[in-house]
Amino acid sequence: MSEPAEKTVEDSAEPKVAEDSSDTQSACECDCTGGCGSEPILIEPDLKFKEDLIEYGGDTFNKCYQCATCSAACSLSTDVDPFPRKEMIWTMWGLKDRLISDPDIWACYYCGDCSTRCPRGANPGELMMALRRYAISRYDWTGISRLLYTSRIAEVGAIVVVAAIVVALFVISGAFTPERMLTDHVSVETFIPHQLVHYGDWVMAGILTFFLLTNSLRMCRFLLKGQKIPPSVFVSEAKTFIIHMATQKKWRECESKSTRWLKHFILVTGYVTMFTLVMFFLGYLQTDGSEFTWVSILGYYATAAILFFSADAMISRVKKKEEIHKFSHDSDWMFLILLFLTGLTGILMHAFRLLDLALPTYYIYVIHLAIAVPMLVVEVPFGKWAHLMYRPLALYLKAVKAKARDLEIA
Ligand code: SF4
Ligand code: SF4
């Protein structure tokens with residue numbers, strides 16, 4: 001069978017369909033891109049969007065000739081909500097607003113099955129990843145996310161600035177003075193009282209929560225697009241959000257028998273454990289003695305999970321063996337490097353303290369926080385970590401919309 005010629009929106013998409021207007025809603029509800037026999041709708045493709053998407057890692061979509069192999073290959077794609085082929089088409093057509101409002105970009109866990117099977121090397125899995133980066137930058141009302149995703153200098157600059165603020169706070173607190181830097185034995189509590197660090201933690205957590213929640217509300221607005229849904233449906237479907245946030249269990253349905261779900265799950269439990277310890281039990285972590293406590297066991301578990309699985313992911317990206325690691329956006333590297341260094345400096349500080357090496361303990365503690373804080377400030381509300389919130393939220397809103405639709409039909 002001869003291969004169909006490659007077509008792109010520039011040479012094939014006339015007449016075009018109007019994007020995301022109330023007219024679009026009334027003329028066609030099925031998102032079929034015109035194949036259902038509904039009245040054709042004029043679109044205004046956003047060609048700038050296609051150029052922009054390249055900066056977010058989506059640069060192969062024009063190779064797609066729409067054979068639909070990818071949707072057939074994806075174990076998570078359904079007849080009702082097929083993907084990723086429709087996202088390929090929408091991207092080629094420049095339907096930016098539809099894509100930002102599409103919960104299916106979050107239903108993809110990037111297992112890579114579709115990219116492996118794509119006969120054109122159009123890399124639909126990476127396109128879905130790029131669309132998620134793009135969507136994150138549009139949910140973020142501050143514009144910071146967009147800047148960080150599209151400029152390496154801005155991303156590195158933001159990390160350096162936050163790290164400098166952390167060091168400055170140590171200086172302002174008077175930590176780097178002879179009275180506070182005891183050298184005859186390690187006393188982290190004298191160097192920087194844990195209560196002071198706690199206050200900083202809570203302020204930072206409050207700011208991050210504010211940005212993450214306000215951005216999530218914007219995401220809800222995009223995905224619900226003013227749809228009227230009974231409040232009881234939001235309550236009855238809340239379990240969907242909790243289950244997906246805690247387990248990401250749909251990932252296990254992907255066809256490739258990869259161990260990635262398990263690795264990701266252990267990594268997430270690692271940094272959730274570490275985050276909980278730092279936020280609520282810092283007094284047990286930041287001790288001056290070397291006695292063994294239950295917090296130490298949790299700390300070792302979290303550190304081991306973070307170090308092992310972030311190193312594993314970096315090695316895989318260097319080797320480019322797995323489909324999903326063949327392409328790495330700058331933000332992927334930045335996240336993994338910061339995560340690994342946070343774990344490494346944390347365990348080094350612990351070792352120096354147990355060895356009673358006073359000055360190395362104090363300096364590595366400052367370095368540890370100068371890495372961990374920028375990682376949290378930059379990655380949680382504006383970067384890669386945001387998917388831990390957005391994916392379960394999208395799946396929840398998808399379930400809410402489906403339930404509301406069922407109620408309407410009934
Ligand atoms: S398998 Fe590849 S060429 Fe076929 S529709 Fe999917 S992305 Fe396009
Ligand atoms: S990467 Fe995996 S989950 Fe995502 S669309 Fe492709 S096959 Fe489906």
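Q: What makes Val 197, Leu 212, Asn 215, Met 219 and Leu 223 of α13 buried in this predicted model?
A: A residue is called buried if 20 or more other C-beta atoms lie within 10 Å of its own. Val 197, Leu 212, Asn 215, Met 219 and Leu 223 are classed as buried, so each of them meets that cut-off.

Q: Against which helices do the buried residues of α13 pack?
A: They pack against α9 (124-139), α17 (282-285), α20 (358-382) and α21 (387-409).

Q: How do you know that the span of α13 is close to the expected one?
A: Helix α13 covers residues 194-224, 31 residues in total. From first C-alpha to last it reaches 44 Å, and 45 Å is expected at 1.5 Å a residue. The helix is followed by Lys 225, which has a positive phi, near 45°.

Q: What describes the packing of α13 and α21?
A: Two packed helices are described by the angle between their axes and the distance between those axes. For α13 and α21 the angle is about 35° and the axes are 11 Å apart. The crossing is right-handed.

Q: Which residues of α13 and α21 meet, and how do they divide by class?
A: Leu 212, Ser 216, Met 219, Cys 220, Leu 223 and Leu 224 in α13 meet Met 389, Tyr 390, Leu 393, Ala 394 and Leu 397 in α21. Of these residues, 10 are nonpolar, one is polar and none is charged.

Q: Which residues are closest to ligand 1?
A: Among the 13 residues that surround ligand 1, the closest are Cys 64, Cys 67, Thr 69, Cys 70 and Cys 118. The elements giving two or more residues to this shell are α4 (69-73) and α5 (85-92).

Note on methods
Residues are numbered from 1 along each chain as its sequence is written. Chains are lettered from A and ligands numbered from 1 in the order in which they are written. This is a predicted model: local features need pLDDT of at least 70, side-chain atom pairs count only at pLDDT 80 or more; totals for chains, interfaces and linings use all residues. Helices (H or I, at least four residues) and strands (E, at least two) are DSSP runs, numbered from the N terminus. The expected span of a helix is 1.5 Å times one less than its number of residues. A residue is buried if 20 or more other C-beta atoms lie within 10 Å of its own, exposed if 12 or fewer, and partly exposed in between; C-beta atoms are placed from the backbone. Two residues are in contact if their C-beta atoms, placed from the backbone, lie within 7 Å. Axes are lines fitted to C-alpha atoms, for helices over the stretch in contact, and angles run from 0 to 180 degrees between N-to-C directions. A crossing is left-handed if the near helix is turned anticlockwise from the far one by less than a right angle, and right-handed if clockwise. Ala, Val, Leu, Ile, Met, Phe, Trp, Tyr, Cys and Pro count as nonpolar, Asp, Glu, Lys and Arg as charged, and the others, Gly among them, as polar. A residue is near a molecule or strand if its C-beta atom, placed from the backbone, lies within 6 Å of it.
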